[in-house]
Amino acid sequence: TLLVNLLETHSTLVWLNQIPVVVDKAQEARELILDGTGIDKSMPETDEDQDFEERTEEAYAKEAMEAEYVRMDEGDGFIFFTLVTPQWFSVLSRVVLRRLIIPEAFTLAFITDALLNLSTIRELVLSELKLSSRGASLMLQAVAEMATNQH
């Protein structure tokens, strides 16, 4: 709860791990997409002569631009579990998990528990996930339970 309390009092943070942390944005979100680095790599190149102060686009580390997948550790899973709740995401109907490496079952347990708590989800897109065999089994069980709860 400390994390949630700190986020509620912040004044500048809008996203954390691709999850909206501004309560109004979270409560009106119908879709949550965790897509690898979250970087649109089709962004146009900027003019090298343009002054630094005039640039308005975001800056990224070279490694982030080259990465195809993002590894989620236990802390990322805990952040997901703490933030993605029915209270914050009351109208969330679609969740996309794409280009993620989730090697630890603990991490995936946090994610699947959060998803199972959201009765509003109607569509779950899982694409290009790298899971352990135990993790794949856990994800399959969660998907089956979510499908059963929809009827």
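In the predicted model, helices α5 and α6 meet through a set of side-by-side residue contacts: A105, L108, A109, T112, L115 and L116 on α5 touch R134, G135, L138, M139, A142, E145 and M146 on α6. Classified by residue type, this contact comprises nine nonpolar, two polar and two charged residues. Helix α5 spans residues 105–117 and helix α6 spans residues 133–149. Their axes come within 10 Å and cross at roughly 5°. As angles under 35 degrees count as roughly parallel, α5 and α6 are therefore roughly parallel to each other.

Apart from residues up to four places away in sequence, L131 touches I102, L108, A136 and M139. Of these, L108 is also listed among the α5 residues that meet α6, and M139 among the α6 residues that meet α5. The C-alpha atoms of L131 and I101 are 6.3 Å apart, although the two residues are separated by 30 residues in sequence. With a relative accessible area of 27%, L131 is partly exposed.

Charged side chains provide a further group of contacts, and the salt bridges of the model number four. One of them joins E31 to R94, with a distance of 2.4 Å between the closest N and O atoms. Because E31 lies in strand β3 and R94 in strand β5 (residues 94–102), this pair ties together parts of the chain that are 63 residues apart in sequence. E31 is partly exposed at 41% relative accessibility, and R94 is likewise assigned as partly exposed, at 24%.

R94 also takes part in a salt bridge with E123, for which the N to O distance is 3.3 Å. Here the link runs from R94 in strand β5 to E123 in strand β6 (residues 123–131), distant parts of the chain 29 residues apart. The relative accessible area of E123 is 36%, so this residue counts as partly exposed. Taken together, E31, R94 and E123 are linked in a network of salt bridges.

Strands β3 and β5 are also linked through D35 and R99. D35 is located in strand β3, which covers residues 31–35. Its salt bridge with R99 has closest N and O atoms 2.8 Å apart, and the pair connects distant parts of the chain, with R99 in strand β5, D35 in strand β3 and a separation of 64 residues. The two partners fall into separate accessibility classes: D35 has a relative accessible area of 17% and is therefore buried, the cut-off being under 20%, whereas R99, at 25%, counts as partly exposed.

When neighbours within four places in sequence are left aside, D35 is in contact with Q18, R98 and R99. Two of these contacts involve polar atoms of the side chains. The side chain of D35 forms a polar contact of 3.2 Å with that of R98, and another of 2.8 Å with that of R99. The buried residue D35 is thus joined by side-chain polar contacts to R98 and to R99.

Notes. Residues numbered from 1 in each chain as written. Predicted model: local features only at pLDDT ≥ 70, side-chain atom pairs only at ≥ 80, totals over all residues. Heavy atoms only, no water. Axes fitted to C-alpha atoms, helices over the stretch in contact; angles between N-to-C directions. Helix = DSSP H or I, 4+ residues; strand = E, 2+ residues; numbered from the N terminus. Parallel < 35°, antiparallel > 145°, perpendicular 65-115°, else oblique. Contact = heavy atoms within 4.5 Å. Nonpolar A, V, L, I, M, F, W, Y, C, P; charged D, E, K, R; others polar. Buried < 20%, exposed > 50% of the residue type's maximum accessible area, 1.4 Å probe, protein only. Polar contact = N/O pair within 3.5 Å; in protein donor to acceptor, adjacent residues only side chain to side chain.
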